[in-house]
Amino acid sequence: MSTQTPASQTSTPREPGTLDRYFHITARGSSIGREVRGGLATFFAMSYIIVLNPLIIGASADSTGSFLGGGSEPNLPAVAAATSLISGLMTILMGVIGKFPMAVSSSLGLSAFITYGIVVLPGMTWADAMGLVVIEGVILLVLVLTGFRSAIFNAVPGALKIAISVGIGLFIALIGMVNAGFIQNNGSTGLELGVGGSLYGWPILIFLIAMFALFAMWAAKIRGAILYSIVGATVLAITIESVFRIGPQVAEDGTENPYGWGLTVPTLNQDWLTMPDLSLIGDFNLLGSWQSIGVVAATLAIFTLLLANFFDLLGTMVGVSNAGGIKDADGDIPHSRRIMVADAVGTIGGGVGSTSVNSGFIESTVGVGDGARTGLANVVTGVLFLATIVLAPLAAVIPTEAASATLVLVGFLMMQQIVRIDWTDVEMAIPAFMTIVVMPFSYSITNGIGAGFISYVAIKVFRGKWREVHPLMYVTAALFVLYFVSGPIQEALGVG
């Protein structure tokens, strides 16, 4: 009788490859295929930034009447090319250094703040404003390297971290519904369903089909459901547009069609290959703001950018980590300091590239929802962003209505964590509640975090339990108080 053991029984498990070991793919329960698919899903979910960021920072003049880049007319292609380049580079950097599936791109909230709150100040130019962004990024980097940013993150109670994630879930679900036109602001009574309280039009139908198809595929545990829903809805949208010629909500001649496509008209009539205009790279004035608007106004502007960016990353990190269960043995986010370094460098890169503050994107939870667990997904997303430098029409083909359904699903997934909060402990439940509701109601992650922090500190102090509060929570709560009243302070100082 042979005593040899079959080869299949003696073979040792295959050693992880270099790529696997570097990104910890197997260790985080993922695979290269899942990372690629997740990276694709994240890109499709946030590719709208290539279209929307130029419309915010590129279509408005500064106080001198000049547009971004110094011209007398908007140069949206240059803003789009710069947005693609900086987003791609900073997203890859986050993946390689932070090893975390969180894409990086221009923060729309801070882009709007810079556009409508900074460059309109008398004497302020776009180059000066981008210089402020670079300064803010350098300060962030110093805070990370000194350990102060990580210390604040670790000082936040666990229940508030969970509440931040749940609030973000509600917030991004609302963003998805608003972007798709499913929920709209009628300007008089506030938010309403569709147009005039009714659902009408092909774009909303595309959103509903994408959303319910996604729900069904997710319930059936079909891998790649998010990516399939985006691609399928886009193909259907292109077909419908080619037949019915719906057009945008606002045409080039100003004609309005409330039942048109919200942001992107899904057609294939594009000039697919274009030479990139990268003239905005390096177009910033580091210290120009100090001369243009004065030291006090410049300091307040940097403080506001810093605080908003600081806690937007906190919320996004927690949201992405909780959505994917990306925790180490101690329950902390792995490589958190590296993540913060990459994010700070991203902010600096946004200023250097004239694309506004660049930071972690909450839409990364879409890719995490589709399996992404490591920085390899970021490399995929980043490469796609770089591809859009010369292939910008690719992003413009995907209608918002097709991609927004994914945000609703991810919102549901993040909302599920609410059961981990002890609602019988009112000292934590009330701050958690304030965090959760203020985010979607005020349309700001930062506002929600601030409301929760201030509530937590106030309740603990009022009940005589001030020793239970970490000293850094007092500091951040005080900073948030200043943040919330920064408008009146600027007005009182004559710089608002």
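So, salt bridges: the structure holds 5 of them, where a salt bridge is a side-chain nitrogen of Lys or Arg within 4 Å of a carboxyl oxygen of Asp or Glu. As a bit of background, side chains of opposite charge can pair when their charged atoms come close. Before I go on, this is a predicted model, where local features need pLDDT of at least 70, side-chain atom pairs count only at pLDDT 80 or more, and totals for chains, interfaces and linings use all residues. Residues are numbered from 1 along each chain as its sequence is written, and side-chain values use heavy atoms, with hydrogens and water left out.

Okay, take Arg 37 and Asp 370. Their side chains form a salt bridge, 3.8 Å from N to O. Where do Arg 37 and Asp 370 sit in the chain? Arg 37 is in helix α3 (residues 32–46), and Asp 370 is in the loop between α15 (364–369) and α16 (375–387), so this pair links distant parts of the chain, 333 residues apart. A quick word on those labels: helices (H or I, at least four residues) and strands (E, at least two) are DSSP runs, numbered from the N terminus. And are these two buried or exposed? Arg 37 is buried, with a relative accessible area of 18%, and Asp 370 counts as buried too, at 5%. By buried I mean under 20% relative accessible area, with exposed being over 50% and partly exposed in between (1.4 Å probe, protein chains only).

Now find Glu 427. Its side chain meets that of Lys 460 in a salt bridge, 2.7 Å from N to O. Glu 427 lies in helix α19 (residues 426–442) and Lys 460 in helix α20 (residues 445–462), so the pair ties together parts that are 33 residues apart in sequence. Glu 427 is buried at 5% relative accessible area, and Lys 460 is buried at 7%.

Glu 427 has another partner: Lys 465 forms a salt bridge with Glu 427, and the closest N and O atoms are 2.7 Å apart. This pair also links distant parts of the chain, with Lys 465 in the loop between α20 and α21 (471–484) and Glu 427 in helix α19, 38 residues apart. Lys 465 counts as partly exposed, at 29% relative accessibility.

Let's zoom out to the domains. The domain assignment gives domain 1 (25–413) and domain 2 (422–486); such bounds come from an automatic or database domain assignment. Taken over C-alpha atoms, the domain centres are 26 Å apart. Where the domains meet, 26 residues of domain 1 are in contact with 24 residues of domain 2, and contact means heavy atoms within 4.5 Å.

The size of an interface is often given as the accessible area lost when the parts come together. How much do domain 1 and domain 2 bury between them? About 2300 Å², with 86% of it on carbon and sulfur atoms. That buried area is the accessible area (1.4 Å probe) that two parts lose on being put together, summed over both. On the domain 1 side, Leu 160, Phe 171 and Phe 311 supply 25% of the area buried against domain 2, more than any other three residues.

And how many salt bridges are there between the two domains? The count is 0.

Last stop, a few single residues. Lys 99 has a phi near 55°, a positive value in a residue other than glycine. Lys 99 is in the loop between α5 (76–98) and β1 (104–106), and is buried at 8% relative accessibility. Ser 356 has a positive phi as well, near 80°. Look for Ser 356 in the loop between α14 (336–352) and β4 (358–360), buried at 1% relative accessibility.
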